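Hello,

Here is the structure I promised to send over. Please open it alongside this email; my notes follow below.

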Amino acid sequence: MGDLVIVERRDAVRILTFNRPDKLNALSTPMLTELEAALEEAREDEATRVVILTGAGDRAFVAGADIGEYAEQTDEAFDAFQRFCRRLFDAIDMFPDPVIAAVNGYALGGGFEIALCCDVLIATSTARFGLPEGLLGLSPGGGGTQRLTRAAGPFVAADVLASARRLTADEALRAGIVAEVVAPEELLAAALAKAGAIVKGAPLAVREMLALVRVALETPLAEGLDREHDALVRLRRTADAAEGVRAFVDKREPRFGRG
Ligand code: COA
């Protein structure tokens with residue numbers, strides 16, 4: 001693997017860092033190819049419980065797709081690139097374990113779209129979120145129109161899309177997109193603290209709950225409630241549920257496995 005996505009393991013947490021700071025971590029095809037491999041590796045690793053995505057340097061998480069590449073692509077290559085992004089961003093969205101976006105500056109275009117595929121967003125006070133594709137005569141292709149509308153509602157989405165306005169970290173917090181805003185120097189610690197809180201939960205239970213959040217976005221309420229019931233009954237039969245309940249009664253810390 002190259003060094004466009006740096007992979008760092010810290011116990012059950014994997015930190016993937018977009019690493020093209022001189023280009024504000026713009027998403028080139030080689031970088032996205034590395035991201036795909038790094039995610040696949042994380043998914044196959046039983047020991048990984050949480051993935052953190054962040055950007056190198058102090059200016060950007062990701063400032064969007066690489067516009068230089070756009071300029072050179074044929075229509076066919078552009079189409080293929082967008083389909084690749086669709087697959088990859090869906091893989092982040094559907095990643096079975098929690099993915100935290102630690103947003104350290106610009107999250108524009110594909111950068112915002114990747115963040116919207118994550119489960120929890122933590123942002124520095126300097127973070128800026130936008131979908132400025134309209135200024136290029138284009139529209140988002142990595143889920144921006146769909147996921148932002150679902151996440152923040154049609155009025156926030158219409159404003160951000162049509163005016164190319166960048167949301168500040170506090171605006172993103174108020175819109176319900178960001179969970180926490182921290183000082184730039186506290187970002188990694190805050191993301192690791194969030195990961196630490198997640199790791200305390202039973203792995204299967206956490207996975208089921210994240211899947212149910214996705215279900216809630218896509219199904220009528222009655223069906224979603226059925227799915228929730230089924231998941232709970234399924235979890236109740238696991239060794240982890242027996243352990244979690246027993247540990248509470250015994251007033252000790254639970255020791256969870258993966259089932
Ligand atoms: N693709 C390719 N290169 C990018 C990029 C992108 N999406 N975003 C930034 N860069 C590059 C710049 O070209 C510049 O490279 P250079 O030093 O070789 O000229 C470098 O990153 C620094 O960016 P610069 O524009 O000089 O910084 P700035 O502080 O003046 O502006 C932004 C920052 C984010 C406002 C500006 O870079 C920008 O608008 N980027 C494009 C955002 C966008 O439209 N994203 C959606 C793409 S579909």
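By class, how many nonpolar, polar and charged residues does the shell around the ligand have? Nine are nonpolar, six are charged, and no polar residue is part of the shell. Keep in mind that this is a predicted model.

The ligand site

There are 15 residues around the ligand. The ones that come nearest are Lys-23, Arg-59, Ala-63, Ala-65 and Ile-67.

At Ala-63, a polar backbone atom is 3.0 Å from a ligand nitrogen. Asp-22 uses its backbone too: a polar atom there is 3.5 Å from an oxygen atom of the ligand. On its own, the ligand has 860 Å² of accessible area, and the protein covers 62% of that.

The helix pair

Now turn to helix 9, residues 203-218, and helix 10, residues 221-236. Their axes are 10 Å apart, and the packing angle is about 175°. Angles over 145 degrees count as roughly antiparallel, so helix 9 and helix 10 are roughly antiparallel to each other.

Helix 9 makes the contact through Leu-204, Ala-205, Glu-208, Leu-212 and Val-215. Helix 10 brings Gly-224, Arg-227, Glu-228, Ala-231, Arg-234 and Leu-235. By class, the contact between these helices has six nonpolar residues, four charged and one polar.

Best wishes

How values were computed. Residues numbered from 1 in each chain as written. Predicted model: local features only at pLDDT ≥ 70, side-chain atom pairs only at ≥ 80, totals over all residues. Heavy atoms only, no water. Near = heavy atom within 4 Å. Polar contact = N/O pair within 3.5 Å; in protein donor to acceptor, adjacent residues only side chain to side chain. Areas by Shrake-Rupley, 256 points an atom, 1.4 Å probe, with all protein chains shown as cover. Nonpolar A, V, L, I, M, F, W, Y, C, P; charged D, E, K, R; others polar. Axes fitted to C-alpha atoms, helices over the stretch in contact; angles between N-to-C directions. Helix = DSSP H or I, 4+ residues; strand = E, 2+ residues; numbered from the N terminus. Parallel < 35°, antiparallel > 145°, perpendicular 65-115°, else oblique. Contact = heavy atoms within 4.5 Å.
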